[in-house]
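User: I would like to learn how to read individual features of a model such as this one, taking a few of them in turn. Could you go through them with me, giving the general idea where there is one and then the case at hand?

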Amino acid sequence: MPRTAPRICPLCEATCGLTLTIEGTTVTGARGDRDDVFSRGFICPKGAAFGAVDGDPDRLRTPLVRRDGRLQEATWEEAFETIAAAIPALVREHGGQSVGVVLGNPNTHTMAGALYPPVLLKALGTRNLFTASTLDQMPKHVSSGLLFGDPFAIPVPDLDRTDFLLLLGANPVESNGSLCTAPDFPGRLKALRARGGTLVVVDPRRTRTARLADRHLAPHPGSDALLLAALAHTLLDEKLAAPGTLAEQTEGLGELAAALESFTPEAVAPACDLKAAEIRVLARELAAAPTAAVYGRIGSCTVEYGTLASWLVDVLNILTGNLDRPGGALFPLSATDRAPRPPGPGKGFALGRWRSRVSGHPEAKSELPIAALAEEIETPGEGRIRALIAIAANPVLSAPDGRRLDTALAGLDFMVSVDPYLNETSRHAHVVLPPPPPSQSAHFDFAFNAFAIRNQARYSPPAIPLEEGRMDECEIHARLILAVSGLHGAPPGAVDDRLIADTLARAVEDSHSPLFGGDPQERDRLLAGGTGPERRLDLMLRLGPYDLTLDDLRNAPHGIDLGPLRPRLPGVLRTRSGRIELLPEPIAAELPRLRAALAERPAALVLVGRRHLRSNNSWLHNVPALTGGSNRCTLQVHPEDAGRLGLADGGRARITADGGSLEVPVEVTDAVRRGVVSLPHGWGHDRDGSRLSVASAEPGANVNQLLDGTRLDPLSGTAVLNGFPVELAPLP
C-alpha cells in the first residue's frame with residue numbers, strides 16, 4: 001500500500017514543504033504540503049519532480065576508486081583507506097596548504113553540508129577554501145560584514161507587510177528567491193500589489209518577475225551601483241532621508257553625502273541608460289512609501305561593483321528608515337541561532353587577513369576566489385595545491401575558464417569528490433564518495449532559515465530507510481574527517497561526540513547561554529536523537545532563542561511557526577563600535593573606482609545570465625522532468641541587434657569574450673533590451689568520462705568558458721558573470 005511522508009524540499013532556497021507518496025522504497029509522487037506552517041501547499045516544478053531527482057538511475061550507488069587510471073567500484077572501507085593513505089602523507093610532506101577544499105551550492109541544502117565542512121577544514125589546517133559564494137552571494141556577505149560586523153547578518157525584505165518593493169537583479173518568480181527564503185514568492189508579489197503596494201523591478205531583461213511589476217526599469221547591465229548611488233544621492237540632496245531612530249545607531253551618516261556627491265541622477269543617467277527624471281521619481285516614491293524594502297540579488301552581485309551595489313541596497317534601507325522595521329528589511333532569527341546577547345562592541349569584520357599564493361587575492365569570509373583555483377593548482381612552488389576535496393561541487397562548469405580548470409584538476413596528485421554523480425568535475429577524482437538520495441536523509445535547513453521571511457523551524461526524518469550498501473551522508477563526512485586526520489578506523493560518532501562535548505563545555509561556562517551553570521555530562525545525557533547529527537541539532541536548538549528541542553520538531557511534522565520577523569537592532573551588531581558603520585574604509589576606498597565608471601562608455605554588446613524555474617545550476621540538468629520548456633540553453637538576442645548582426649531566430653552564432661568562443665543557438669526576443677544578450681549558467685555537459693545520460697544528450701554551452709577569471713569584484717573576489725562585453729557573429 002502506498003504511504004505518505006512530509007518532507008522539506010532541498011532543491012532550492014524556498015524550502016517548501018512536500019508530501020511524498022511512497023510505494024515500497026520508491027518515491028512515486030510529490031505534492032505541496034497544505035499543512036506546512038511556512039509554504040502552505042505551494043510547490044514548484046522542482047519540488048514536483050522530487051521523485052525523479054531521488055530515483056535518478058545515473059546516481060552512483062557505491063564508492064569509486066581510481067585503479068590503473070580508471071575509476072572502479074569499491075567498498076566503503078577501500079575508499080576511506082585510500083584517502084587515509086594519501087592525504088595525511090601529502091600534508092606531512094608538503095604542509096596543510098597543499099590541500100584545497102571546494103564547496104558547491106548543494107552543500108547548503110543538506111544537513112551534512114552545514115555540519116561537517118568547518119570541522120574538515122580545521123582538521124586539514126588549510127586556508128585554501130573555495131566555494132560557490134564567489135560565484136553568487138559573497139558581495140552581500142562582505143557588505144553586511146562591513147556594515148553590521150557579521151557577514152551573516154543579512155536583512156531580508158518583509159514581503160508580506162511591505163508597501164513598496166524595489167528588486168534589482170532578481171527574478172524570484174523563476175528562482176524562488178535567493179538570500180530571501182520565501183515559499184510562493186510569486187504569490188507574495190501578487191499579494192503586495194493586491195493590497196495596494198508597489199513593485200518596481202530593475203533588470204535588463206523583461207523577466208517573469210518584471211512582467212508582474214508596476215514599473216520595469218531596464219538599465220545597462222552592471223550599472224546597479226551607479227543607479228543605487230544616484231537614488232541615495234537624491235534622498236540626501238532633496239532632504240528626503242529619514243533614518244529615524246536608526247540615526248542614533250549609525251556612524252557615518254554625516255560623511256555619506258560628500259562620499260556620494262558625484263553620483264547625481266544626471267551624472268549616472270548615461271552609464272545606466274536611464275533618464276535622470278525617472279531616477280529622481282523612483283527615489284521620491286521610495287522615500288514617500290509608508291514602508292519600503294530594497295532587495296538586490298545575483299544580477300547585482302555578480303558584476304564589477306557587486307559589493308558596492310550590495311552595500312548601497314542597505315544604505316537605501318537605512319536612509320529611508322526601513323531597516324529593522326516591519327514592512328522594511330529585517331534580520332531573521334532562526335531556531336539554531338545563538339540566543340540573543342546584550343548589545344555592545346564586537347570583534348568586527350576584516351577583509352584580506354591572508355591572500356592567495358599566486359595572484360595575491362584577499363580572502364573574504366575565510367574564502368578565496370574560486371576563479372583562482374586553477375592557478376593555485378598549476379603554479380609550482382611552496383604551497384601549491386596538490387590535493388583537492390570537492391564536496392557537492394562542479395566548478396568545471398560553474399567557475400570561469402572551465403577548460404583551464406579541467407586541465408588543472410587532471411594534474412592533481414589526489415582528489416576526493418563527495419558527489420552523487422560522476423560529473424564534469426568528479427570524473428577527475430581518485431575517490432568518489434556518493435551520498436544517498438534525499439529521501440533517505442534527514443533534513444533541517446540551517447542556512448536558509450537564517451534568511452527566511454518568517455521565523456519557523458521544520459525537521460524531516462528520512463522518509464525511506466537507508467538502502468543496503470549506501471552510507472548516510474553525515475557518516476560519509478565524519479569518516480572523511482577521520483581519514484584526513486590520521487584517525488581512520490575510529491568510530492564516526494567520535495566526531496560528533498567531540499563536537500558536542502566541546503560545545504557543552506563552553507555553553508555551561510557562558511553566562512549568556514541557556515545552559516549556563518549546568519553539568520555538561522548531564523546535559524549530554526538529555527540530548528535527544530538517535531544519531532550524532534540529530535544530537536548536534538538538538539543541542540543547537542537548546543542553545544537557541546526559542547527554547548526548542550528536537551522532540552518538539554519531531555512532534556510537529558509540518559513545522560513550528562515562530563512568528564513574523566521582529567526588529568533586532570542593536571543586538572545583531574558585531575562591529576567594533578557597536579553601531580552600524582555606514583561608510584567603512586574599504587567601501588570608501590572603492591568609491592573612486594565607481595566614480596571613474598561615470599566617464600566610461602558602455603560596451604556595444606554585453607552578456608547577462610538568466611534563471612530557469614526548472615533548474616538550479618548544473619545539478620538538476622540530468623532529470624528529464626526538469627528539462628525542456630523555457631529551460632533551454634539559448635542565446636537570447638534583441639530583434640534590433642539580431643538584424644544588425646545578421647542573426648536569425650533558431651540559427652546559430654559564435655559568441656566571443658575574454659576566455660574564448662562558444663557556438664550557441666540563437667533565440668530572438670524583445671525580452672532582452674538592446675545591447676544585451678542572455679545565456680544561462682550551468683550548462684556544458686559535453687565532456688568525456690561523465691555519466692549524465694540526460695544532461696549529455698543536450699549538453700548546452702558553458703557560458704563561463706567565455707571568461708578567463710580576471711574579471712572580479714575586488715572587495716569580495718566574486719567573478720563578474722554579468723555585464724561583460726562580448727562579440728557576436730552568425731554561423732551557417
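User: With which side chain does the side chain of S439 make a polar contact?

Analyst: In this predicted model, the side chain of S439 makes a polar contact with the side chain of D54, at 2.7 Å. S439 sits in the loop between β17 (431-433) and β18, and its relative accessible area of 0% makes S439 a buried residue.

User: Which residue is 582 residues apart from T718 in sequence and 7.1 Å apart in space, C-alpha to C-alpha?

Analyst: That residue is D136. T718 itself is placed in strand β29, residues 718-719, and counts as buried at 0% relative accessibility. Its contacts, not counting residues up to four places away in sequence, include S133, T134, L135, D136, M138 and P139, as well as C301, T302, R711, L712 and D713. The side chain of T718 also makes a polar contact of 2.8 Å with the side chain of S716.

User: How should I read the pattern of burial along a helix, and which residues of α13 are buried?

Analyst: The general idea is that an α-helix has 3.6 residues a turn, so residues three or four places apart point the same way. In α13 the buried residues are A276, I279, R280, L282, A283 and L286. They cover an arc of only 160° around the axis, which puts them on the same side of α13. A277 and A288, on the other side of α13, are exposed. As for its length, α13 has 13 residues (276-288) and reaches 19 Å from its first C-alpha to its last, close to the 18 Å expected at 1.5 Å a residue.

User: Against which helices do the buried residues of α12 pack?

Analyst: The buried residues of α12 pack against α10 (224-237) and α13. Helix α12 spans residues 265-272, and its buried residues are P265, V268, A269, A271 and C272. Just after α12, D273 takes a positive phi of about 60°.

User: Where else does the backbone take a positive phi in a residue other than glycine?

Analyst: Two further cases are T15, whose phi is near 55°, and A392, whose phi is near 50°. T15 is found in the loop between β1 (3-8) and β2 (17-23), where its relative accessible area of 1% makes T15 buried. A392 lies in the loop between β15 (387-391) and α17 (395-398), and with a relative accessible area of 19% A392 is buried too, given a cut-off of under 20%. On another backbone feature, the peptide bond from L569 to P570 is cis, with omega near 0°, and P570 is found in the loop between β21 (560-564) and β22 (580-581).

User: Finally, which residues of the largest nonpolar core touch the most other members?

Analyst: In soluble globular proteins, nonpolar side chains tend to be buried together. The largest nonpolar core has 61 residues, and those touching the most other members are L166, L228, L231, L260, W311 and I580. W311 touches S143, L147, L256, L260, L582, L583, P584, I587 and L591, when residues up to four places away in sequence are not counted.

Terms used:
Residues numbered from 1 in each chain as written. Predicted model: local features only at pLDDT ≥ 70, side-chain atom pairs only at ≥ 80, totals over all residues. Heavy atoms only, no water. Helix = DSSP H or I, 4+ residues; strand = E, 2+ residues; numbered from the N terminus. Expected span 1.5 Å × (residues − 1). Buried < 20%, exposed > 50% of the residue type's maximum accessible area, 1.4 Å probe, protein only. Arc of directions from axis to C-beta. Core = buried A, V, L, I, M, F, W, Y, C linked by side-chain atoms within 4.5 Å. Contact = heavy atoms within 4.5 Å. Polar contact = N/O pair within 3.5 Å; in protein donor to acceptor, adjacent residues only side chain to side chain.
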